[in-house]
Amino acid sequence: MRKYTLASMDARNDVDLRRFGRLIEETVLEVMPQATVQVERDCYIVSPTPSRGDAIRIGRKLSKNKLLGRYCIKIPKLFHGETIVEKEDVNGKQKHNGGHF
């Protein structure tokens, strides 16, 4: 069993999740058909505990709703990762791009 509250502290006090009860229940059951969902004023509870992947899928689907999605918080992002290809030097040996070898 796991309890979910809105991430925004301001929204937690202002938003009654029971207004979105049907949406929350339908979304959780779409991802986890065997789940039991209980929606309260300030949280919703899912039993059994969703896997991390299921919880992410549920959260993403709920955040796409125009009314409920406006309470999303923005998470700052510092780095962007990308794959690089190692270069070879003139002698055909691999040239390392930093790190300890």
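**View 1. Ser-8 in the loop between β1 and α1.** At 16% relative accessibility, Ser-8 counts as buried. Buried means under 20% relative accessible area, exposed over 50%, and partly exposed in between, with a 1.4 Å probe and protein chains only. Ser-8 sits in the loop that separates β1 (2–4) from α1 (9–14). Helices (H or I, at least four residues) and strands (E, at least two) are DSSP runs, numbered from the N terminus. The Ser-8 side chain reaches the backbone nitrogen of Ala-11 at 3.2 Å. Such a polar contact is a pair of N or O atoms within 3.5 Å; within protein, one must be able to donate a hydrogen and the other to accept it, and residues adjacent in sequence count only if both atoms are side-chain atoms. Not counting residues up to four places away in sequence, Ser-8 touches Tyr-71 and Ile-73. Contact means heavy atoms within 4.5 Å.

This is a predicted model, in which local features need pLDDT of at least 70, side-chain atom pairs count only at pLDDT 80 or more, and totals for chains, interfaces and linings use all residues. Residues are numbered from 1 along each chain as its sequence is written, and side-chain values use heavy atoms, with hydrogens and water left out.

**View 2. The whole protein chain.** The chain has 4 helices and 5 strands. Along the sequence they follow the pattern β-α-α-β-β-α-α-β-β. Of its 101 residues, 26% count as buried. Among contacts between residues at least 6 apart in sequence, 49% join residues at least 24 apart. The chain exposes about 8300 Å², and carbon and sulfur atoms supply 51% of it. Accessible areas come from the Shrake-Rupley method with a 1.4 Å probe; for residues, only the protein chains shown count as cover.

View 3. In α2 (residues 21–31), Gly-21, Ile-24, Thr-27, Val-28 and Val-31 are buried. They lie on the same side of α2 because they cover an arc of only 140 degrees around the axis. The arc is that of the directions from the helix axis to the C-beta atoms. An α-helix has 3.6 residues a turn, so residues three or four places apart point the same way. On the other side of α2, Arg-22 and Glu-30 are exposed. The cover over the buried residues of α2 includes β2 (36–39), β3 (44–47), α3 (52–63) and α4 (66–69).

**View 4. Thr-27 in helix α2.** Thr-27 is found in α2. With a relative accessible area of 6%, Thr-27 is buried. Its side chain reaches the backbone oxygen of Leu-23 at 2.8 Å. Not counting residues up to four places away in sequence, Thr-27 touches Ile-58, Lys-61 and Leu-62.

**View 5. The largest nonpolar core.** A nonpolar core is a set of buried Ala, Val, Leu, Ile, Met, Phe, Trp, Tyr and Cys residues joined through side-chain atoms within 4.5 Å. Of the 18 residues in the largest one, Leu-17, Ile-24, Val-28, Tyr-44, Val-46 and Ile-58 touch the most other members. The elements giving two or more residues to this core are α2, β2, β3 and α3. Helix α2 gives the most, with 3 residues. Val-28 touches Ala-35, Val-37, Tyr-44, Val-46 and Ile-58, not counting residues up to four places away in sequence.

**View 6. Cys-43 and Cys-72.** Cys-43 is buried, with a relative accessible area of 1%. Cys-72 is partly exposed, at 36%. The structure holds 0 disulfides, a disulfide being a pair of cysteine sulfur atoms within 2.5 Å.
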